[in-house]
Amino acid sequence: MSELAGKTALIVGADDIGRGIAKRFTRAGASVSVSDDALSAVADILVINMLGAPAVGPLEAQADAAFAEALNRVTASAALMRAALPTMRDRGAGRIILVGH
């Protein structure tokens with residue numbers, strides 16, 4: 001039996017890393033959904049693959065827009081976690097994994 005058999009996983013952030021995580025979870029037996037917007041989804045495992053730092057380079061060269069984008073990703077990640085937690089608590093289990101790159 002696979003280690004994630006019977007579990008549902010939601011991967012938010014469908015870039016190459018997100019797709020790779022989805023493939024690994026599928027091979028481990030989970031039922032996987034990949035999305036870029038999933039506030040109402042219910043899953044045993046929530047992977048938020050959308051955290052990241054502003055562009056690489058000297059701090060003084062970073063535009064305010066890059067920092068605003070990073071803060072928006074953090075805010076969206078917090079909203080996803082808040083949406084997922086009540087159902088996970090009701091079920092008595094759940095996992096949230098944050099991926100930053």
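**Notebook: sheet, helix and cores**

I started with the strand pairs of this predicted model: β3 and β4 are paired in parallel, with five bridges between them. I then looked up isoleucine 45 and found arginine 95 as its bridge partner in β4.

Next I went through the whole sheet. It is open, has four strands in the order β2-β1-β3-β4, and pairs in parallel. I noted β2 and β4 (95–100) as the edge strands, each pairing on one side only. On average, neighbouring strands here are turned by 15° against each other, direction ignored.

Then the helix: α2 (residues 64–91) lies across β1, β3 and β4, and I got about 175° for its run relative to β3.

On to the cores. I listed 11 residues in the largest nonpolar core, including Leu4, Ile21, Phe25, Ile45 and Val99. β1 (8–12), α1 (16–27) and β3 are the elements that give it two or more residues. Which element gives the most to this core? I found α1, with three residues. Another core, of nine residues, lies apart from it, with Leu10, Val12, Ala43 and Leu80 among them.

I also checked alanine 9: beyond four places in sequence, its contacts include Phe25, Ala30, Val32, Ala43 and Ile45.

Last stop was valine 42, in the loop between β2 (31–35) and β3 (45–51). Not counting residues up to four places away, valine 42 touches Thr8, Thr87 and Arg91. For threonine 87, 45 residues away along the chain, I noted a C-alpha separation of 7.0 Å from valine 42.

Methods:
Residues numbered from 1 in each chain as written. Predicted model: local features only at pLDDT ≥ 70, side-chain atom pairs only at ≥ 80, totals over all residues. Heavy atoms only, no water. Contact = heavy atoms within 4.5 Å. Core = buried A, V, L, I, M, F, W, Y, C linked by side-chain atoms within 4.5 Å. Buried < 20%, exposed > 50% of the residue type's maximum accessible area, 1.4 Å probe, protein only. Pairing = 2+ DSSP bridges. Axes fitted to C-alpha atoms, helices over the stretch in contact; angles between N-to-C directions.
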